[in-house]
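Q: Could you take me on a close look at one helix and the parts around it? I'd like to see how it sits in the fold and what else is worth a glance nearby.

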Amino acid sequence: MPPSHPSDNSLLVKAARREPTPRVPIWLMRQAGRYLPEYRAIRRKTAFLELCKNSDLCAELMIRTVERLGVDAAIIFSDLLPILEPMGLQLEFPGGEGPIIRNPLRSRADVDRLRELQSMEGLEFVIETVRKTRAGLPDHLPVIGFAGAPFTLACYAVEGSASREYARVKAMMYQDPIAWETLMGKLARSVALYLNAQIAAGAQVVQLFDSWVGCLGPEDYRRFVLPHSRATIAAIDKRAPVIHFATGNPALIPLMSEAGGSVIGVDWRIRLDDAWRAIGYDKGIQGNLDPTVLLAPLAEIQRRTREILEQSAGRPGHIFNLGHGVLPQTPVENVLALIETVQGFRVG
């Protein structure tokens, strides 16, 4: 096993291990996003998927963002969906619209043609982004790698685009459980391989995004998702803590904890203290300010932020984040005020 990196003793990694820290660490989902003028300037010249495949630009963008914001970690700049391309799916981001899969999986035969990842061939740009981001950061700041969880990737692969009802993916779950199990098994093993490659390239922490799983109730989650999320997390290199994040349904939180992860990421639909009780104090927690609060006056941002910090009660294991990504219309000064409030907060 390679020697540990200095950032293994960073605030964020120590919090992920539930070790005491002098303050709560903070990073943000969509940390380098459309709310930043630097990002918008790049996007005016570069299509999104093209940007994701340019490791030099991805690393530079995140390193500059971390320097500007003063956050406690850098998540690599990438997207959940490039992993699907070498698996045989045709991914596009047309114009300013969301992602589209041109050949979605609608049958057992479609699932059978999906190629399980055996290597990082076709994803080398992500691994280079990890390496270059790690190389360009101060040693005390950790790099966070990430991937979509099997269920969320399955939703994109089956639905073909964003959905409100998730009717196609649920129909496959209910009507063809063999196809569903095959699909989720391929995705679970591929995601574990992908995250382990990111860890080997220099990520100290990884986050598993189950962004769409909130469409399910607890019974369906336990039957159709939990075994595959658990298999993914169990196969991830133990050198890196895993943040297991989902949004949309607080009733799933105890089941997510059962599926695994060093830290469970929660959204704003539940109080942080209630969520931590549901998770269990043997795991850390990440969250959970509503991103729309960053559109409020500064005094309200500060009040709501302190309220969440007080709910963690100084217990080791809290990583501050939003309950989802920074919204594009968020003023940069409000993001800076949030970070300053968290970093200046002391319990007691």
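A: Happy to. Helix H9 covers residues 177–201, 25 residues in all, and spans 36 Å from its first C-alpha to its last, close to the 36 Å expected at 1.5 Å a residue. Please keep in mind that this is a predicted model. After H9 comes Gly 202, with a positive phi near 130°.

Now for the sheet. Its 7 strands are ordered E1-E4-E5-E6-E7-E8-E9, and this open sheet has parallel pairing. Strand E1 (74–75) and strand E9 (318–319) are at the edges with a single partner strand each, so one side of each has no neighbour in the sheet. H9 packs on this sheet, where it touches strand E4 (143–148) and strand E5 (205–210). The direction of H9 makes about 165° with that of E4. Elsewhere in the sheet, strand E6 (residues 242–246) and strand E7 (residues 263–265) run parallel and are joined by 3 bridges. There, Ile 243 stands opposite Val 263 in E7.

What about the core? The largest nonpolar core has 129 residues, and those with the most contacts inside it are Leu 84, Trp 180, Leu 183 and Leu 338. H9 gives the largest share of this core, 11 residues.

The structure holds 10 aromatic pairs. One of them joins Tyr 166 and Trp 212, edge-to-face, at 5.4 Å centre to centre and with 70° between the planes. Tyr 166 sits in the loop between helix H7 (150–159) and helix H8 (167–175), and Trp 212 in the loop between E5 and helix H10 (218–234), so the pair ties together parts 46 residues apart in sequence. Tyr 166 and Trp 212 are both buried. In another pair, the ring centres of Trp 276 and Tyr 281 are 6.1 Å apart with the planes at 65°, so this pair is edge-to-face as well. Here Trp 276 is buried, with a relative accessible area of 1%, whereas Tyr 281 is partly exposed at 38% relative accessibility. There is also an aromatic cluster made up of Tyr 39, Phe 48, Phe 77 and Phe 93.

Finally, a few backbone details. Most residues other than glycine have a negative phi, and most peptide bonds are trans. Arg 18 has a positive phi, near 60°, and lies in the loop between helix H1 (11–16) and helix H2 (37–45). Arg 18 is partly exposed, with a relative accessible area of 36%. Arg 30 also has a positive phi, of about 55°, and is placed in the loop between H1 and H2. Its relative accessibility is 44%, so Arg 30 counts as partly exposed. As for peptide bonds, the one from Gly 287 to Asn 288 is cis, with omega near -5°. Asn 288 belongs to the loop between strand E8 (284–286) and helix H13 (298–312).

How values were computed. Residues are numbered from 1 along each chain as its sequence is written. This is a predicted model: local features need pLDDT of at least 70, side-chain atom pairs count only at pLDDT 80 or more; totals for chains, interfaces and linings use all residues. Side-chain values use heavy atoms; hydrogens and water are left out. Helices (H or I, at least four residues) and strands (E, at least two) are DSSP runs, numbered from the N terminus. Buried means under 20% relative accessible area, exposed over 50%, partly exposed in between (1.4 Å probe, protein chains only). The expected span of a helix is 1.5 Å times one less than its number of residues. Two strands pair if DSSP finds at least two bridges between them. Contact means heavy atoms within 4.5 Å. Axes are lines fitted to C-alpha atoms, for helices over the stretch in contact, and angles run from 0 to 180 degrees between N-to-C directions. A nonpolar core is a set of buried Ala, Val, Leu, Ile, Met, Phe, Trp, Tyr and Cys residues joined through side-chain atoms within 4.5 Å. Rings of Phe, Tyr and Trp (its six-membered ring) pair if their centres lie within 6.5 Å; planes under 30 degrees apart count as stacked, over 60 as edge-to-face and the rest as tilted.
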